[in-house]
Amino acid sequence: MKKANKPLLLLMIMLFMVPGAFAQDLLKFVNPNIGTAHSRWFFYTPAAVPYGMAKLAPSTNGSYGNLQGWEAVGYDTRHNSIEGFVHFHEWQVGGVSFMPTAGELKTVPGQLDKPGSGYRSSFDRKNEIAQPGYYSVLLDDFKIKVELTATKRVGFHRYIFPKSDDSRIVFSVGSIQGESGPVTDASVKMIDDTHFEGFVVTYPKYVKTYDEGGKVAMYFFGELSKRPVGVGAFDETKTSADQKSSSGIGAGLYLSYHTSENESIEIKVGLSYTSVENAKLNLKAEAANLDFDGAKKAAQNEWQNELGKIKVFTKNESDKIKFYTGLYHALLGRGIASDINGNFPRHNGTIGQLPKDKNGKFSYNFMNTDAIWGGFWNITQLWALSYPTHYNDFVHTQLEIYKERGWFGDGIANSNFVSGVGTNFVGLAIAGAYQAGVRDYDLNLAYKAVLANELNYQNRLVGSGKMDTKSFVQKGFVPFLDADKTDSTGSHFSGSHTLEYSYSAFAAAQFAKRMGNTNDYKRLIELSNGWRLIFDKELKLVRPKTQSGAFIDKFNPLEAWRGFQEGNATQYTFYVPQNPDGLIKAIGKRVFNERLNNIFQTAQQNAFGGGKTIDAFAGIQSLYNHGNQPNLHISWLFNYSSAPWLTQKWTRAICDEFYGTESIHGYGYGQDEDQGQLGSWYVITSLGLFDVKGLTDARPTIQIGSPVFDRAEILLANGNRLIIESKNNSKQNVYIQSASWNGKALNNAWLYRDVLMKGGTLTLKMGNKPNRVWGVKIPPPSEQ
């Protein structure tokens, strides 16, 4: 036996004793370019801090917009030219593009397939660096190096020019960017030699559809490190030399420079959703004495700290890359929308004000967010595990919306409703926050709003979703409508709506129980059994019903979009997370396990989704589709059906095979990441922790799976620490042989969450064959 290398051993010990030492290595495991083929507008924004307003990124086709409002647009790894660097990237929010250029003056970005048609430039990915908090690239057409970084509300640019008398910086303000929709108004102007300001107002597709008359306004105030030798203006119809302001659609400025070789010009841009004055205030507060290098260092330190709250250990580097890239995306999405002074945008165009706590500080932020549809099986569980402040921000944001509008809005863009799925799971997410101990808000107001979301339908706003609530409350299920619509009588997506509303009714019922409202509890718990009314006992599948209560005809269990939104009856039959035991008994345990296992065996041949087809909806007609929300819990259902080894098998397989480390195969092949949801699923599942019920039980449980990592150290939301050890772990040894919790034998494949959150050590001994005895005797509590 060789003697230990004492100096090396001492160095390793010292590294792990020094706070933050581990985190110094984490950024190298984050690859923002993973999954950038067919990725959404907000997906690729490396020059940002966690949950920031300023999300700077290159755009390859953002000026193309998107017809339906949700399609992939922005940065695509299959493109080879860049048209600008955009500051705002959120769900339905995008705007303010800057581009350094040289040579002949051009004021339009041009087309991807027509080099020279505008100021876009080709680039080589060998000259591109994307890291959390930092991005750089060499623009080949101009020989200009671009660097980007950010604070929460301030974007930083550094352009390194060659020697030229025709160097320029183009501010494209009045043009469509990504999901922003058409521009309705814009302005940009120089206010002195080195300062500029402006705004852009857009009308996104989903605002037009779900909150007609709303708007998304973005404001900026910036400063240049060098005075330009000339300033010109342009709009969609003309270009004007020696003009320092521009307004209207297509508004922009171009700044001319004489540059020496490798001359650096820096720009700081304060951002706001409320006013130019607040953009200026944000700039002063966050960046008055900060240069580019200082901002980059601060941004990357913040990423190191946030990523370092969960440390994983393995010899398999690709698994660490998947993990920390998934965690990065989870922490990147759903950015703040409030200013440094607590101002935030309201739907009616006025400015809201966040209250201060007893210490004179703002205890929460207002935020923009994609819909939380399916988020209870990924991102809210991650928030509750280690990032409770963002869960708190989410709840407070929705309560601010409720106070202004009288309803929750599933997706929010500057207080506008932009749901996109026509349903609303905000009440369930808030109920889950309460059960998880996130309660720093007005509980009575929250309860009132949650109850209204489940039961109220009079004068319900379209953007609040659930327009068929009346039929569900009165009938116990949502009747099927042949027409592609949803109204008080039913919905074309009646099957999925019945299942979703049953689940959210359960969540509200548990909230009511904990708040001591017995009558509300009884009413809601009865509604939570709505799934039984559309369960076909002969087929053992959920099947939509008509107004008369008859099952629909011409029924095809694999047909998507008829009765089921973004899925089919085979997938949605397992959508009874509130009562897995009830579903298992309705199907029969043996049939349940055989069917679900066969589904995964078949799905594995198609990469657990839509195969290699690069399309967000590629898997919706398959048996299982991990690339979309309705399926994300079902690999964990075996813990409830006395076959936990199958949960261990299939969750590990999905982690290994659905998720990749390439730009095209990242989250499936071009699947829908929804602001960190698929990344969050990987994070919590690879740790071996999950809750099928999305934390909605009166006493939530955490089910145990097969950890990908040999060891994980987790800083819990309450400050305690959780260690997960997987002994004899490997790609083959995916099955739990035995377990212990804080040194005592653990024979269940679950723990009560409040026990887990006390911290301690979960030790799992792994093997390559299933232990069909462990975790079988007492399944997780099903119906509470």
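The C-alpha centres of domain 1 and domain 2 are 36 Å apart. The model is predicted: local features need pLDDT of at least 70, side-chain atom pairs count only at pLDDT 80 or more, and totals for chains, interfaces and linings use all residues. Residues are numbered from 1 along each chain as its sequence is written, and side-chain values use heavy atoms, with hydrogens and water left out.

**Exercise 1.** State which residues belong to each domain, and how many take part in the contact.

*Solution.* Step one: domain 1 covers 38–308, and domain 2 covers 314–334 + 369–767; the bounds come from an automatic or database domain assignment. Step two: the contact (heavy atoms within 4.5 Å) takes 31 residues from domain 1 and 42 residues from domain 2.

**Exercise 2.** State the area buried between the domains.

*Solution.* Step one: buried area is the accessible area (1.4 Å probe) that two parts lose on being put together, summed over both. Step two: the value here is about 2900 Å². Step three: carbon and sulfur atoms give 59% of this area.

**Exercise 3.** Find how many salt bridges join domain 1 and domain 2, and describe the pair arginine 405 and aspartate 211.

*Solution.* Step one: a salt bridge needs a side-chain nitrogen of Lys or Arg within 4 Å of a carboxyl oxygen of Asp or Glu. Step two: the count between the two domains is three. Step three: arginine 405 forms a salt bridge with aspartate 211, and their closest N and O atoms are 2.8 Å apart.
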